[in-house]
Amino acid sequence: MKADFYETLGVQKGADDKELKSAFRKLAMQFHPDRNPGDDACEHKFKEINEAYETLKDPQKRAAYDRFGHAAFENGGMGNGGGQGFGAGGFADIFEDIFGDMMGGGRRRSSGGRERGADLRYNMEITLEEAFAGKTAQIRVPTSILCTECAGSGAKAGTQPVTCSMCQGHGKVRASQGFFSIERTCPQCQGRGQTIKDPCGKCAGQGRVTEERSLSVNIPSGIEDGTRIRLANEGEAGLRGGPSGDLYIFLSVKPHEFFQRDGADLYCKVPISMTTAALGGSFEVATLDGTQTRVKVPEGTQNGRQFRLKGKGMPILRQPQVGDLYIQTAVETPQSLTRRQRELLEEFEKLSSTENSPQSSGFFSRMKDFFESFGDK
Ligand SMILES: [Zn+2]
Ligand SMILES: [Zn+2]
């Protein structure tokens with residue numbers, strides 16, 4: 001029993017296009033196979049979401065579905081490929097929806113009807129550890145590629161596109177209107193100069209088909225948040241033998257629980273107890289190279305004191321230098337004291353002199369002077 005398309009997307013029957021799209025986006029991002037590698041349940045759910053959206057976003061299909069339910073698409077009904085596997089149209093569409101719009105408006109038309117393929121965008125999120133070490137990422141890119149059946153010509157195997165009989169291959173025709181002669185795009189070949197008599201069955205004369213490809217992308221060590229990686233010619237295939245577009249990977253680095261990054265330097269706030277700060281001691285910090293470093297805390301360490309661990313920061317892209325790691329102490333004032341602790345601290349207080357806390361005593365005596373200076377006026 002198939003789930004209701006509206007329920008699958010979690011929207012009301014009367015949902016408008018905007019609501020549909022936003023529900024689809026949210027769910028598709030959540031269940032996308034790239035985010036849930038190896039999870040069959042997610043992949044299945046993703047296909048369901050895709051099918052539901054494919055149907056409901058099309059007013060005709062939606063009307064048919066509202067009237068007849070799933071039966072509208074069975075036994076060669078209106079048919080949309082049934083959502084089994086990633087059908088041609090659906091994937092390109094998801095790609096645009098999730099991975100961003102085709103960039104640069106990419107389609108440049110050249111002679112002979114050849115068109116450059118569109119540039120594609122892929123958003124990738126990596127961890128700070130991955131940015132530190134670099135990695136080879138496997139991504140799955142739904143994209144149109146050259147049709148192997150016709151080698152991109154769009155013509156059925158064994159045939160060739162023929163020069164357009166109407167414009168003799170110019171792509172433009174002239175028509176006389178009174179004194180004027182007007183040039184316009186040839187209506188027979190839409191400006192391509194060639195027509196295909198017998199279109200290729202696999203690509204319907206487009207010269208390319210939509211498929212999912214697996215690509216391996218090299219993420220270099222030290223890469224920064226917001227970096228764009230261009231993979232030349234890995235975008236959408238050109239039309240009728242035109243050149244391919246490019247694929248752009250938009251990289252973002254996830255915030256880290258312990259480390260803040262500023263270029264090649266890392267910052268880490270480490271809470272230490274009041275007694276460690278006063279008496280001195282040490283603690284260990286884990287670093288991004290998978291090792292631990294011991295940090296010595298000298299006697300009388302103040303809150304916010306910075307320790308520099310040289311060469312423990314981020315690598316710099318394509319350079320031998322490495323940044324530093326700055327450890328900043330955050331002295332924690334003790335809470336929930338026991339009676340005995342309180343006694344000891346009170347005794348400590350009695351024994352304290354201005355030398356124990358030169359900053360606060362100095363500060364309050366200067367503050368007092370400042371206040372008294374008003375009386376002189
Ligand atoms: Zn073909
Ligand atoms: Zn023509």
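**Close-up views of a predicted model**

**View 1. The largest nonpolar core.** Of its 36 residues, Met124, Ile139, Ile219, Leu247, Ile249 and Ile327 touch the most other members. A nonpolar core is a set of buried Ala, Val, Leu, Ile, Met, Phe, Trp, Tyr and Cys residues joined through side-chain atoms within 4.5 Å. Buried means under 20% relative accessible area, exposed over 50%, and partly exposed in between (1.4 Å probe, protein chains only). A second, separate core of 18 residues includes Phe5, Tyr6, Ile49 and Tyr53. In soluble globular proteins, nonpolar side chains tend to be buried together.

A quick note before we zoom in further: this is a predicted model, in which local features need pLDDT of at least 70 and side-chain atom pairs count only at pLDDT 80 or more, while totals for chains, interfaces and linings use all residues. Residues are numbered from 1 along each chain as its sequence is written, chains are lettered from A and ligands numbered from 1 in the order in which they are written, and side-chain values use heavy atoms, with hydrogens and water left out.

**View 2. The chain as a whole, for orientation.** Here you can pick out 9 helices and 15 strands. Both are DSSP runs numbered from the N terminus (helices are H or I, at least four residues; strands are E, at least two). Of the 377 residues in the chain, 36% are buried. Among contacts (heavy atoms within 4.5 Å) between residues at least 6 apart in sequence, 62% join residues at least 24 apart.

View 3. The 3 strands lie in the order 1-9-8, with mixed pairing. Two strands pair if DSSP finds at least two bridges between them. Strand 1 (120–126) and strand 8 are the edge strands, each pairing on one side only. On average, neighbouring strands of this sheet are turned by 25 degrees against each other, direction ignored. Axes are lines fitted to C-alpha atoms, for helices over the stretch in contact, and angles run from 0 to 180 degrees between N-to-C directions.

**View 4. Strand 8 against strand 9.** Strand 8 (residues 228–231) and strand 9 (residues 247–253) run antiparallel and are joined by 4 bridges. Ile229 and Leu231 form the covered face of strand 8, whereas Arg228 and Arg230 form the uncovered one. Across in strand 9, Phe250 stands opposite Arg228, and Leu247 stands opposite Leu231. Leaving aside neighbours within four places in sequence, Leu247 is in contact with several residues, including Leu120, Tyr122, Ile139, Val141, Ile229 and Leu231.

View 5. Strand 11 (residues 265–273) pairs in the parallel sense with strand 15 (residues 325–332) over 8 bridges. Look for Lys269, whose bridge partner in strand 15 is Gln328.

**View 6. The zinc ion (ligand 1).** Cys147, Cys150, Cys200 and Cys203 are its protein donors, each through SG, and lie 2.3 Å from the ion. Donors are N, O and S atoms within 2.8 Å of the metal (3.2 Å for Na, K and Ca); water is not among the atoms, so sites may look incomplete. The 4 donor atoms subtend angles of 104 to 117 degrees, so the arrangement is tetrahedral. Four donors count as tetrahedral if all angles lie between 85 and 135 degrees. Along the chain, the donors follow the spacing C-x2-C-x49-C-x2-C. Cys200 is buried because its relative accessibility is 2%, and Cys203 is buried at 6%.

View 7. Cys164, in the loop between strand 3 (162–163) and strand 4 (172–177), and Cys189, in the loop between strand 5 (180–185) and strand 6, link distant parts of the chain, 25 residues apart. Cys164 is buried at 1% relative accessibility, and Cys189 is buried at 2%. Thr195 sits in strand 6 (residues 194–195) and is buried at 18% relative accessibility.

Terms used
Tetrahedral: all angles 85-135°; square planar, octahedral: opposite > 155°, others 65-115°.
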